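Dear colleague,

Please find below the structure that I am handing over to you. My notes on it follow directly after the display.

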Amino acid sequence: MVAISAKLDLILEALEQAATFDGLQVASEALRDHYDLAHVVYHWVDSAGDQFGCGTYSVEWQERYLSQNYLRTDPVISGCYQRFHPVDWKRLDWSSKAARALLLEAIEYGVGNQGFSVPIRGPNGQFALFTVNNSCSDPEWEAFAEANRRDLILIAHYFNEKALELEPGRTPEAAQALSPREVDAMTLIAIGYNRAQVADTLSISEHTLRVYIESARFKLGALNTTHAVARALSRGLIIV
Amino acid sequence: MLRYIYGDELKDYPKLGQSMFRDRAAQFKDRLKWDVTVDADGFEKDEYDALNPLYVIWELPDGSHGGSMRFLPTTGRTMVNEHFGDLLEGPIRSPLIWECTRFCLNKDASAQAAAALMLGGGEIMRGFGVAHFAGVFDARMVRIYRMTGASPEILGSSGAGTAQISVGLWSFDGASQARLAARSGISPRQSEQWFQQRFGVPLAMKTAISA
């Protein structure tokens, strides 16, 4: 388990360090291999309507999708646009003839029958969609999605943070600052306190502590607390 | 019944939406004397309603509002971070933490409405992988939450009396669901069906139905 999460951490570490959009492509391929999926795709539309995408769909499928303007009939798009809740594809409405035809054609082009998509609302009307996709049975997919859902939601946002950072003409924002409480919590964890001891020292409940850790983890671009602490240390945000 | 409606979908439920914004005016402006804006239509709306939030609304049999609350992810603009950052010792940011604000009950609302809304919060957590809610509550709501047996943990408060505004954290587990179900007379199955009515039936059940 430790080895598995360490590999994910490395993928996210590389994504974090990426200086070009190619880094997003590399990360999507690495995630596909790590999770043993058919596809990992990240796609965004900015406020001016310009599109950008990366991921593992074949070039043929991307071209076909664009040339047929499937954005307009794709239930994944209509189910996610303007929303912020993650969506399992099988929960969407595929009852229209156009939607069923789209899915059948997608499968011909190597897209899996199962998908999980995370919509992201960025600043100034930016909208992005992160999707993992596979060919497998319903029980297999449900088990995968249930086990990895929260990680996938976080990863989706880390893709978007990087894409926003790389957007041409964008003035880089200061890295998300940890709040004083988050600094306290991460510092105590870094010096080896367990959660009960941290909560006790900060005179907060363990539930409140979990919220601060969750928030710090996101700001640090990490999936787990160990990785978050390592990043906080390496960035000099906490000192022990 | 419990409905899950994004802001841009409220136009499809005119009676429900309008009575919600009027009940919010009655609760926050008239009763609690909060510093909120009520427009010419009598609607209490703020800048966060313009961000296309997700509303969970208890709909009465006649199609009007019985109670509601409003959700936004803390990755974007939120009231808890922009107005209560000091109480929260934040800002708090994560796609796994959503804010819950404008918890409102119609003045004739039953205890069932409050419990049903809490059940709806639980569906959101389980259905979307949300780990925590950070909420803004008035003093009365804190009492109601306690009665439902799913009380938020208050981090801080400002103001006094009816005008007191508290910020707190709220989580939800199986035990809370069982307590709320018992209290509200709404079965977990019913609560789940209302959620599925908006967000779709999960795989396993579709498979069972088609098999």
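In this predicted model, helix H6 of chain B has a face turned away from its buried side, and that face carries the exposed residues B:Gly174, B:Ala182 and B:Arg183. The buried residues of this helix, which spans residues 174–184, are B:Ser176, B:Gln177, B:Leu180, B:Ala181 and B:Ser184. Viewed down the axis of H6(B), these buried residues fall within an arc of 130 degrees, and therefore they line one face of the helix. As background, an α-helix has 3.6 residues a turn, so residues three or four places apart point the same way. Just after H6(B), B:Gly185 adopts a positive phi of about 75 degrees.

Is B:Ser64 buried or exposed? The residue is buried, because its relative accessible area is 12%, below the cut-off of 20%. Its side chain makes a polar contact with the side chain of B:Asp62, at 2.7 Å. Leaving aside residues up to four places away in sequence, B:Ser64 touches B:Lys15, B:Leu16, B:Ser19, B:Trp58 and B:Glu59.

In chain A, a nonpolar patch on the surface is formed by A:Ile191, A:Tyr193, A:Leu233 and A:Val240, which together have about 350 Å² of accessible area. One of these residues, A:Tyr193, is found in the loop between helix H7 (180–190) and helix H8 (195–202). A:Tyr193 is partly exposed, with a relative accessible area of 34%.

Yours sincerely

Key:
Residues are numbered from 1 along each chain as its sequence is written. Chains are lettered from A and ligands numbered from 1 in the order in which they are written. This is a predicted model: local features need pLDDT of at least 70, side-chain atom pairs count only at pLDDT 80 or more; totals for chains, interfaces and linings use all residues. Side-chain values use heavy atoms; hydrogens and water are left out. Buried means under 20% relative accessible area, exposed over 50%, partly exposed in between (1.4 Å probe, protein chains only). A polar contact is a pair of N or O atoms within 3.5 Å; within protein, one must be able to donate a hydrogen and the other to accept it, and residues adjacent in sequence count only if both atoms are side-chain atoms. Contact means heavy atoms within 4.5 Å. Patches are made of residues with over 30% relative accessible area and no salt bridge: like charges are joined within 9 Å, nonpolar side chains (Val, Leu, Ile, Met, Phe, Trp, Tyr) within 5 Å. Accessible areas come from the Shrake-Rupley method with a 1.4 Å probe; for residues, only the protein chains shown count as cover. A salt bridge is a side-chain nitrogen of Lys or Arg within 4 Å of a carboxyl oxygen of Asp or Glu. Helices (H or I, at least four residues) and strands (E, at least two) are DSSP runs, numbered from the N terminus. The arc is that of the directions from the helix axis to the C-beta atoms.
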